[in-house]
Amino acid sequence: MKLMIASDIHGSAFYCKELLKAFKNEHADKILLLGDILYHGPRNDLPKGYAPKEVIAMLNGIKEYIICVRGNCDTEVDQMVLEFPVLGEQAFLYVDGTEMLAVHGHKPFPSVKAGTFVLSGHTHVPKLEEANGVTYMNPGSVSIPKENSHHGYMVFENKKFLWKDFDGNVVKDYSVK
């Protein structure tokens with residue numbers, strides 16, 4: 001199974017189109033969204049192409065492929081317009097023998113056992129850190145990258161995580177041991 005992992009679209013129709021184009025080009029089976037889908041949030045400038053209604057239509061068009069967790073900018077009203085679950089605080093996935101906990105990253109989450117991969121967004125900065133046998137990863141932001149990082153996403157396939165920009169360039173990779 002090929003899993004695309006993305007976070008922090010923040011209502012940008014421009015970058016949502018880029019994400020969906022990448023999803024198609026990657027031939028991914030599912031897309032895991034790590035929250036902050038429609039609203040840009042009070043601390044962020046409006047992203048390029050801010051048009052939440054267009055993002056709603058685009059994502060509802062692929063709803064059967066989406067797994068999503070709630071971000072700090074996602075609310076009950078978002079669930080009223082999005083046709084896939086967006087309010088779950090966490091999702092536990094088991095993909096090709098690899099255990100993953102998906103969260104947005106703005107709240108404490110349950111402790112996990114060594115060997116688990118914790119996938120989170122929120123900071124808008126791509127990350128790869130290991131502590132006590134747990135690997136923490138952040139794909140960065142689709143629309144509002146921070147700390148001079150790229151607009152992009154991650155993919156997981158064949159026991160390998162790849163961070164990519166929207167030109168398809170691999171920015172970082174990590175193989176599961």
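Serine 143 touches Asp8, Ile9, His10, Ser12, Tyr15, Pro47 and His151, residues up to four places away in sequence being left out of this list (contact: heavy atoms within 4.5 Å). The model is predicted, with pLDDT of at least 70 required for local features and 80 or more for side-chain atom pairs, whereas totals for chains, interfaces and linings use all residues. Numbering starts from 1 along each chain as its sequence is written, and side-chain values use heavy atoms, without hydrogens and water.

Serine 143 is located in the loop between strand 8 (134–138) and strand 9 (152–157) (strands are DSSP runs of E of at least two residues, helices runs of H or I of at least four, numbered from the N terminus). The residue is buried, at a relative accessible area of 5% (buried: under 20%; exposed: over 50%; partly exposed in between; 1.4 Å probe, protein chains only).

Strand 9 and strand 10 (residues 160–165) run antiparallel and are joined by six bridges; valine 155 has leucine 162 in strand 10 as its bridge partner.

A second open sheet, also mixed, comprises five strands in the order 4-5-6-8-7. Its edges are strand 4 (90–95) and strand 7 (127–131), each pairing on one side only. Strand 5 (residues 98–103) pairs with strand 6 (residues 117–119) in the parallel sense over three bridges, and methionine 100 stands opposite phenylalanine 117 in strand 6.

How values were computed: Pairing = 2+ DSSP bridges.
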